[in-house]
Amino acid sequence: MTSPSPSPLMTALVGVCRLVDAVTARLGKAISWLILLAILVSAVNAVIRKLFDVSSNSWLELQWVLFAAVFLLCSPWTLREDEHIRIDIVNAMLTKRARDGIDLFGHIAFLLPFSFVMMITSWPFALASYAIEEQSMNAGGLPQWPAKLLIPLGFTVLFVQGLSELLKRAAIMSGHLEDGTQRAGGHQAAAEAEAERLLAAERERTTPPDTIPSR
């Protein structure tokens with residue numbers, strides 16, 4: 001079966017998707033370092049509280065702001081790397097075309113609408129907080145608008161990455177793009193490796209001793 005001739009429009013869209021993927025990966029890798037910063041902040045805060053019986057609301061709030069930044073701004077990278085949670089046992093039983101169809105339906109029916117609603121409703125919410133320079137209700141706490149700004153930023157990047165995944169999946173199903181998600185690593189690969197190990201152990205357990213080849 002011959003592959004379809006490349007469409008100029010599809011080629012251009014795939015190029016845009018690759019640009020989006022590159023930006024998302026760079027953003028995710030940069031933001032992921034905030035996990036280490038959050039650990040350090042939490043550890044220092046705990047040590048100071050235990051040794052000197054002193055605590056600060058700004059340090060406590062900084063921990064959850066850092067966590068929120070990682071959760072919201074690294075989720076598009078997770079989607080791009082195909083590392084989001086699936087029921088691997090069920091997913092592995094399906095054909096590749098069925099898995100592609102499920103991904104396509106999930107993006108159209110759930111991911112993109114939800115991301116779009118969150119994006120358009122959270123921008124006014126964040127901008128209103130910035131306009132009044134909203135501060136924490138806790139004494140000595142941090143300004144609230146940076147944390148609230150993370151919500152529309154995260155869902156905007158997630159929406160753009162979702163569009164990229166949708167276009168790439170359509171290009172893969174139409175034969176215009178090679179599927180690059182079938183790679184080592186991730187939940188599915190780990191589940192397949194564990195299944196192979198269990199099957200090998202079961203075969204060795206049930207094989208009579210006289211039939212086991214000598215090494």
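S129 sits in helix α5, which spans residues 96-131. The model that shows this is predicted. With a relative accessible area of 2%, S129 is buried, because a residue under 20% counts as such. Beyond its neighbours within four places in sequence, S129 is in contact with E134, Q144, W145 and K148.

**The chain as a whole**

- The chain has seven helices and zero strands.
- Along the sequence, this gives the pattern α-α-α-α-α-α-α.
- The chain has 215 residues, and 28% of them count as buried.
- Among contacts in the chain with a separation of 6 or more, 77% are between residues 24 or more positions apart.

**Helix α5 against helix α6**

- The axes of α5 and α6 are 7 Å apart, and the two helices pack at an angle of about 155°.
- That angle makes α5 roughly antiparallel to α6, because angles over 145 degrees fall in this class.
- The crossing of these two helices, α5 and α6, is left-handed.
- Sorted by class, the contact of α5 with α6 has 25 nonpolar, seven polar and seven charged residues.
- G101 is another residue of helix α5.
- G101 has a relative accessible area of 28% and is therefore partly exposed.
- Between the C-alpha atoms of G101 and A170 the distance is 9.4 Å, while the two residues are 69 residues apart in sequence.

**Helix α3 against helix α6**

- Helix α3 covers residues 57-80 and packs with α6 at an angle of about 5°, the axes being 8 Å apart.
- α3 is therefore roughly parallel to α6, since the class takes in angles under 35 degrees.
- The contact has 15 nonpolar, four polar and two charged residues from α3 and α6 by class.
- On the α3 side, the residues that meet α6 include W64, V65, A68, A69, L72 and L73.
- S75, P76, L79 and R80 in α3 also meet residues of α6.
- On the α6 side, the residues that meet α3 include A147, L150, I151, L153, G154 and F155.
- V157, L158, Q161, G162 and E165 in α6 are also part of this contact with α3.

**Helix α1 against helix α6**

- Helix α1 (residues 8-32) and helix α6 (residues 145-173) have axes that come within 9 Å and cross at roughly 140°.
- α1 and α6 are therefore oblique to each other.
- Their crossing, that of α1 and α6, is left-handed.
- From α1, the residues M10, L13, V14, C17, V20, D21, T24 and L27 take part in the contact with α6.
- From α6, the residues V157, V160, Q161, S164, E165, L167, K168 and A171 take part in the contact with α1.
- The residues of this contact of α1 with α6 divide into ten nonpolar, three polar and three charged.

- S164 belongs to helix α6.
- S164 counts as buried because its relative accessibility is 2%.
- Neighbours within four places in sequence aside, S164 is in contact with C17, V20 and D21.

**Cysteines**

- A disulfide is a covalent bond between the sulfur atoms of two cysteines.
- The structure holds zero disulfides.
- C17 has a relative accessibility of 2% and therefore counts as buried.
- C74 also counts as buried, at 8% relative accessibility.

- Most residues other than glycine have a negative phi.
- D53 is a residue other than glycine, yet its phi is positive, near 55°.
- The place of D53 is the loop between α2 (34-52) and α3.
- D53 has 70% relative accessibility and so counts as exposed, the cut-off being over 50%.
- D82 is not a glycine either, and its phi is positive at about 60°.
- D82 is in the loop between α3 and α4 (88-93).
- The relative accessible area of D82 is 21%, so this residue is partly exposed.

Key
Residues are numbered from 1 along each chain as its sequence is written. This is a predicted model: local features need pLDDT of at least 70, side-chain atom pairs count only at pLDDT 80 or more; totals for chains, interfaces and linings use all residues. Side-chain values use heavy atoms; hydrogens and water are left out. Axes are lines fitted to C-alpha atoms, for helices over the stretch in contact, and angles run from 0 to 180 degrees between N-to-C directions. Helices (H or I, at least four residues) and strands (E, at least two) are DSSP runs, numbered from the N terminus. Angles under 35 degrees count as roughly parallel, over 145 as roughly antiparallel, 65 to 115 as roughly perpendicular and the rest as oblique. A crossing is left-handed if the near helix is turned anticlockwise from the far one by less than a right angle, and right-handed if clockwise. Contact means heavy atoms within 4.5 Å. Ala, Val, Leu, Ile, Met, Phe, Trp, Tyr, Cys and Pro count as nonpolar, Asp, Glu, Lys and Arg as charged, and the others, Gly among them, as polar. A disulfide is a pair of cysteine sulfur atoms within 2.5 Å. Buried means under 20% relative accessible area, exposed over 50%, partly exposed in between (1.4 Å probe, protein chains only).
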